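My notes follow in the order I made them.

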Amino acid sequence: MLRWILGGREAQGAVEKSPTLFIGEEQPKNPFTELQVLKGHFDIVRFLVQIDDSRFASAGDDGLVLVWNVETGERLMELRGHSQQITAMVAWSLINADTSHTSIITASSDRSLSLWDPDTGNRVQTISDLQSSVKCLLVLEHLDLWLSGGNELCVWNQDFKLLCKREVHSDAAITAMVQLPKMHVAAAVDKEIDGLFASGSHVGELIIWDAVNWTIQAYEHILWEEPHCDGQAEIRFVSQKQSDMSIHHLASNGEVILAAVGSGLYVYNIHSRNVVAYRKMAHDSNVLHTMLLSDGQLMSCSEDGSVRMWEMEPLPLPAEPASPGFFGLWSFGRSSKQTCPPVKKVPEVPILKSLELTGDLIGHSGAIQMFLSFGEKGLVTCSTDHLVILWKDGERQSRLRSLAVFQKLEENQGLC
């Protein structure tokens, strides 16, 4: 595969890659063998959003929003208006009668929120003089509402009118939100936020919000300890202690939650309230973004400069002791100590799976902030190296080029 081809990045010491996670150059399940580099930003690129089947937008610390064509890599639009770095971005599709139009909402360190039309490049709405910077955004399309998270949770309608505001914590801020079934929203909270992403040594918290009354349903500090001899992990609820369990990103498909916790990944089943798959050390550094795909596949990217593809596979016997990780906060009232006799198997608990590495994309020379999938059209990544990269399916691109050649020959009557 393509490795260290941009920027001449040096290996990160003797622990550049964990031996158990090194997949090598032959990656038969990884189709992304071609790439195209998109230049236009002059600072860290942190955010990507899909506008439609052929367009996406990128934004970051230079305060710019750039609109691109995913098939050609052409830059279509440049949206200017923020005076400082962009701290969050989300796409919002509004459906009126038989028409649908997608807009872009951005938040900035200049303490403003903006609504953009990616077709014209115009800034349609602006909210200025916020109390603090917004760290994340979430659209609830079925309610025609959107949320902004930071030192407070704010609920807005499609006219940019504030409907509700809830303070989170005196010294904490919401850094990630994801929609759950039954009108709930999960929000990850980290203390002492430094920029958009928290460091790995801060206290991890998880908040569940009721999306009807906008009240907190669960709000806990948690601390992971290693599993005991009976295979059960101890989860202690604390208020002031610190751990390395910062929650950097949450993704959900309505059935499971995929959480980036430090350098690890956890897949939690919402209905059974159990961890169904995990990898405690999925990357060499903090995982910054995740995505759930079909057929038990998922993706993650990290500060270590890689995008990794995973498949959920049953753990071999004897299995690694199951640990619920930070999702143990749902096990309220659980005893903090366990004895050592063998534990009887509980039939209703799902079979625990591991996450097996199937692909490793390395092309950026800096930490990858997030990625965006366009299915067979490719994958988009952005990084601290100021670049956006389009990853393409090499076999598909070869077929398209061959088809284009034959069509050209037919047009020129070069074929009988």
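I took the expected span of a helix as 1.5 Å times one less than its number of residues. The model is predicted.

Entry on the helix. I looked up α1, residues 394-411, and found 18 residues. From its first C-alpha to its last, α1 reaches 26 Å, close to the 26 Å expected.

I then asked which residues of α1 are buried. They are Gly394, Arg396 and Gln397. Looking down the axis of α1, I see its buried residues within an arc of 160°, so they line one face of the helix. For the cover over these buried residues I noted β1 (32-38) and β29 (388-393), among others included there. On the face turned away from the buried side I found the exposed residues Glu395, Arg399 and Glu410.

Next I checked both ends of α1. At the N-terminal end I found Asp393 as the cap, with a side-chain oxygen 3.1 Å from the backbone nitrogen of Glu395. After α1 comes Gln413, and I noted its positive phi, near 60°.

I looked up strand β19, residues 247-252, and asked how many of its six residues are buried. Five are, so β19 is largely enclosed by the rest of the structure.

I followed β19 to its partner β20, residues 256-261. The two strands run antiparallel and are joined by five bridges. Opposite Leu250 I found Ala259 of β20. Between the strands of this hairpin lie three residues. In the hairpin I also noted Gly254, with a positive phi near 95°.

Note on methods. Residues numbered from 1 in each chain as written. Predicted model: local features only at pLDDT ≥ 70, side-chain atom pairs only at ≥ 80, totals over all residues. Heavy atoms only, no water. Helix = DSSP H or I, 4+ residues; strand = E, 2+ residues; numbered from the N terminus. Buried < 20%, exposed > 50% of the residue type's maximum accessible area, 1.4 Å probe, protein only. Arc of directions from axis to C-beta. Contact = heavy atoms within 4.5 Å. Polar contact = N/O pair within 3.5 Å; in protein donor to acceptor, adjacent residues only side chain to side chain. Pairing = 2+ DSSP bridges.
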